[in-house]
Amino acid sequence: MNPYRISEPTAISFSGGRTSAFMLYKCLEAHDGRLPDEAVVTFANTGKEMPETLDFVQACADNWDVDIVWLEREIQKNTEDKPKYLYRTRVVDHDTASRNGKPFAELIKARRYAPNPIARFCTQELKIKAIGQFLCEERGFPNPYVCFIGIRSDEQRRATKMHDAVADFQERHLPLWLDGITKEDIHEFWINQNFDLQLPNNNGITDWGNCDLCFLKGMSKKMSIIEARPDLADWWSEQEQSLSKAVGKEAYFRKDQPSYTEMKVIASDQRSLFGFDDETIPCFCGD
């Protein structure tokens with residue numbers, strides 16, 4: 001049975017990376033280039049994706065003639081009593097999508113603490129719930145609905161936990177894992193295409209993908225990115241500083257690592273003195 005075939009309302013979750021783009025390509029291929037009506041391709045933008053990621057999402061839509069629905073979470077203060085904040089999902093596009101971290105910043109302000117490796121509510125609110133709210137309320141999808149997620153066969157630990165699991169609107173389906181696709185397959189595919197994500201391809205892995213300096217990325221990855229683009233640390237530093245001021249105590253994305261302000265200093269002045277080899281913590285975002 002072809003794991004990419006779709007026969008019921010299905011979301012194809014496109015993170016904006018090479019792996020999930022490859023999954024989309026295989027779904028198109030399985031349907032002779034045209035997805036069935038019950039399939040919806042979604043891209044949930046946090047406002048902290050690299051510009052190259054946004055360009056790549058649009059390039060996939062243009063080159064493969066496929067409709068990709070761009071979504072953003074909007075969080076507003078409730079003018080009535082409770083709840084304090086109202087969450088809704090809005091449709092955007094390549095031109096109108098946030099590039100300044102607004103959806104993410106609004107979420108942190110509403111929650112009054114930063115997401116962290118234990119409480120990854122950014123993924124939950126900005127991606128999973130954004131997609132679920134849109135599909136169930138606007139497209140009439142059942143709850144739960146089938147969701148294709150781009151997890152490869154070399155991500156065995158994640159795959160065994162996620163495949164066919166039902167949570168947060170979704171019954172998660174991992175066609176790449178079922179098909180035995182590895183990061184090497186992803187690398188081989190993209191070096192032979194006429195367009196590509198304009199971010200480094202580390203043998204099929206995009207270290208700069210998803211939120212640019214996501215707190216779940218390994219320290220060494222974050223440091224190498226900050227070393228190349230020190231300005232990317234500024235937004236994360238501002239969130240930690242603003243949150244600390246709002247709650248009256250130090251507030252960081254991770255207590256087991258330096259703050260983003262400190263990381264920027266280390267990257268510029270002391271990089272050679274540190275040897276970081278911690279691993280990236282995987283999340284729903286995928287690649």
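Author: Helices are DSSP runs of H or I with at least four residues, numbered from the N terminus. The model discussed here is predicted.

Reader: Which helix holds Ala-21, and which residues does Ala-21 contact beyond its neighbours within four places in sequence?
Author: Ala-21 lies in helix H1. Its relative accessible area is 0%, so Ala-21 is buried. Leaving aside neighbours within four places in sequence, its contacts are Phe-14, Phe-56, Cys-60, Trp-64 and Trp-190.

Reader: How far apart are the C-alpha atoms of Ala-21 and Ile-186?
Author: Along the chain, Ala-21 and Ile-186 are 165 residues apart.

Reader: What covers the buried residues of H2?
Author: Helix H2 runs over residues 51–64. Its buried residues include Phe-56, Cys-60 and Trp-64, and these three are also among the contacts of Ala-21. The cover over the buried residues of H2 includes helix H1 (18–30), strand S2 (39–44), strand S3 (68–77) and helix H7 (183–191).

Reader: How long is H2 from its first C-alpha to its last?
Author: H2 has 14 residues. At 1.5 Å a residue, 20 Å is expected. The model comes close to that, reaching 20 Å.

Reader: Which residue just after H2 takes a positive phi, and of about what value?
Author: Most residues other than glycine have a negative phi. The residue just after H2 takes a positive one. That residue is Asp-65, with a phi of about 50°.

Reader: Why does the span of helix H9 agree with expectation, and what is the distance between its end C-alpha atoms?
Author: H9 covers residues 232–247, which is 16 residues. At 1.5 Å a residue, H9 should span 22 Å. The agreement holds because its end C-alpha atoms are apart by 24 Å.

Reader: Which residues of H9 are buried?
Author: An α-helix has 3.6 residues a turn, so residues three or four places apart point the same way. The cut-off for buried is under 20% relative accessible area. In H9 the buried residues are Leu-232, Ala-233, Trp-235, Trp-236, Ser-237, Gln-239, Glu-240, Leu-243 and Ser-244.

Reader: Which residue follows H9, and what is its phi near?
Author: The residue after H9 has a positive phi. It is Gly-248, with phi near 75°.

Reader: Is Asp-32 buried or exposed?
Author: Asp-32 sits in the loop between H1 and S2. It has a positive phi of about 55° although it is not a glycine. Its relative accessibility is 76%, so Asp-32 counts as exposed.

Reader: Is Asn-210 buried or exposed?
Author: Asn-210 is found in the loop between H7 and helix H8 (219–228). Its phi is positive, about 55°, although it is not a glycine. With a relative accessible area of 16%, which is under 20%, Asn-210 is buried.

Reader: What is the omega near for the peptide bond from Asn-143 to Pro-144?
Author: Most peptide bonds are trans. The bond from Asn-143 to Pro-144 is cis. Pro-144 lies in the loop between H4 and strand S5 (145–148). The omega of this cis bond is near 10°.

Reader: Which residues does Val-92 touch, not counting residues up to four places away in sequence?
Author: Val-92 belongs to strand S4, residues 85–92. At 6% relative accessibility, Val-92 counts as buried. Its C-alpha is separated by 6.9 Å from that of Glu-72, 20 residues apart along the chain. Not counting residues up to four places away in sequence, Val-92 touches Trp-70, Leu-71, Glu-72 and Ala-97.

Reader: How does Arg-120 count by relative accessibility?
Author: Arg-120 is in the loop between helix H3 (102–111) and helix H4 (121–138). Its C-alpha is 33 Å from that of Asn-2. Its relative accessibility is 32%, so Arg-120 counts as partly exposed.

Reader: What radius of gyration does the chain have, and why does it agree with a compact globule?
Author: The chain has 10 helices and 7 strands. Of its 287 residues, 54% count as buried. A compact globule with 287 residues would have a radius of gyration near 19 Å. The chain agrees because its radius of gyration is 19 Å.

Reader: How far apart do the centres of the positive and negative side chains lie?
Author: The chain has 36 positive and 46 negative side chains. The centres of the two sets lie apart by 7 Å.

Terms used: Residues are numbered from 1 along each chain as its sequence is written. This is a predicted model: local features need pLDDT of at least 70, side-chain atom pairs count only at pLDDT 80 or more; totals for chains, interfaces and linings use all residues. Side-chain values use heavy atoms; hydrogens and water are left out. Helices (H or I, at least four residues) and strands (E, at least two) are DSSP runs, numbered from the N terminus. Buried means under 20% relative accessible area, exposed over 50%, partly exposed in between (1.4 Å probe, protein chains only). The radius of gyration is taken over C-alpha atoms; the globule rule is 2.2 Å times the number of residues to the power 0.38. Lys and Arg count as positive and Asp and Glu as negative; His and the chain ends are not counted. The place of a charge is taken as NZ of Lys, CZ of Arg, CG of Asp or CD of Glu. The expected span of a helix is 1.5 Å times one less than its number of residues. Contact means heavy atoms within 4.5 Å.
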